Amino acid sequence: MEPNNRTTHTVTEFLITGFDGVQHPKLVGAAILLVLFLILIGSITNICVIAFNKPLHTPMYFFICSLAMVDIVYTSGISVTMLNVLLGEERRIPYAPCMIQCFLFHFGSSMEPFAIALMAYDRLIAISYP
């Protein structure tokens, strides 16, 4: 017996409705922009200092660089849409950019524990076999 429901719907965009009750959306957007800017500057500075300083080319600092990259991907993946909703007042997001943001968010959330676990293993080896 075949199911009777043969409707097909194509999702083309999503409507973001979580920020409708915010009293001062421009102020919240400015705060998010400031935090995003500080995180990006800090992570990029961290990566540049480690990359251009030869004594810091050890596994521990490599893992710190990878954590900085995860922070960049994590924060820039979602906050750009939040800024667009709060400052630009555009409530719609197309399907493909939304899926890219979901992928980046889940990629960042899965890579961070791996990087921390590798850092812990590196420290264990350094302490066990000095």
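Phe-63 is in contact (heavy atoms within 4.5 Å) with Leu-118, Met-119 and Asp-122, leaving aside its neighbours within four places in sequence. The model is predicted, so local features need pLDDT of at least 70 and side-chain atom pairs count only at pLDDT 80 or more, whereas totals for chains, interfaces and linings use all residues. Residues are numbered from 1 along each chain as its sequence is written, and side-chain values use heavy atoms, with hydrogens and water left out.

Phe-63 also belongs to the largest nonpolar core. A nonpolar core is a set of buried Ala, Val, Leu, Ile, Met, Phe, Trp, Tyr and Cys residues joined through side-chain atoms within 4.5 Å. Buried means under 20% relative accessible area, exposed means over 50%, and partly exposed lies in between (1.4 Å probe, protein chains only). The core has five residues: Met-60, Phe-63, Leu-67, Ala-115 and Met-119. Helices α2 and α3 (95-128) each supply at least two residues of this core. The largest share, three residues, comes from α2.

Helices and strands are DSSP runs numbered from the N terminus; helices are H or I with at least four residues, strands E with at least two. The expected span of a helix is 1.5 Å times one less than its number of residues. Helix α2 (residues 59-86) has 28 residues and should span 40 Å; its end C-alpha atoms are 40 Å apart, in agreement. Thr-81 is found in helix α2. Thr-81 counts as buried, at 15% relative accessibility. Its contacts, not counting residues up to four places away in sequence, are Ile-16, Ile-93 and Gln-101.

Helix α1 (residues 25-52) contains Ser-43. The helix has 28 residues and reaches 40 Å from its first C-alpha to its last, close to the 40 Å expected at 1.5 Å a residue. Its buried residues are Gly-29, Ile-32, Leu-36, Ser-43 and Ile-50. What covers them includes α2. Ser-43 has a relative accessible area of 7%. Beyond its neighbours within four places in sequence, Ser-43 is in contact with Ala-68, Asp-71 and Ile-72. Phe-52 also lies in helix α1, but at 72% relative accessibility Phe-52 counts as exposed. The C-alpha atoms of Phe-52 and Ala-68, 16 residues apart along the chain, are separated by 15 Å.

The 34 residues of α3 should span 50 Å at 1.5 Å a residue, and its end C-alpha atoms are 50 Å apart, which agrees. Buried residues of α3 are Cys-98, Gln-101, Gly-108, Ala-115, Met-119 and Asp-122. These residues pack against β1, α2 and β2.

The count of salt bridges comes to two. A salt bridge is a side-chain nitrogen of Lys or Arg within 4 Å of a carboxyl oxygen of Asp or Glu. One joins Glu-13 to Arg-92, with the closest N and O atoms 3.1 Å apart. Glu-13 lies in strand β1 (residues 13-15) and Arg-92 in strand β2 (residues 92-94), so the pair ties together parts that are 79 residues apart in sequence. Glu-13 is partly exposed, with a relative accessible area of 38%. Arg-92 is partly exposed at 46%. Arg-123 forms a salt bridge with Asp-122, the closest N and O atoms being 3.1 Å apart. Here Arg-123 is partly exposed at 39%, whereas Asp-122 is buried at 16%.

UniProt positions are given in the numbering used here, feature names are shortened, and annotations may be inferred rather than shown by experiment. The record assigns "transmembrane region" to residues 27-49 and 61-87. Residues 27-49 are 100% helix and 0% strand, with end C-alpha atoms 33 Å apart. Residues 61-87 are 96% helix and 0% strand, and their end C-alpha atoms are 37 Å apart. The record also assigns "domain: G-protein coupled receptors family 1 profile" to residues 42-130. Over this span the chain is 82% helix and 3% strand, and the end C-alpha atoms lie 31 Å apart.
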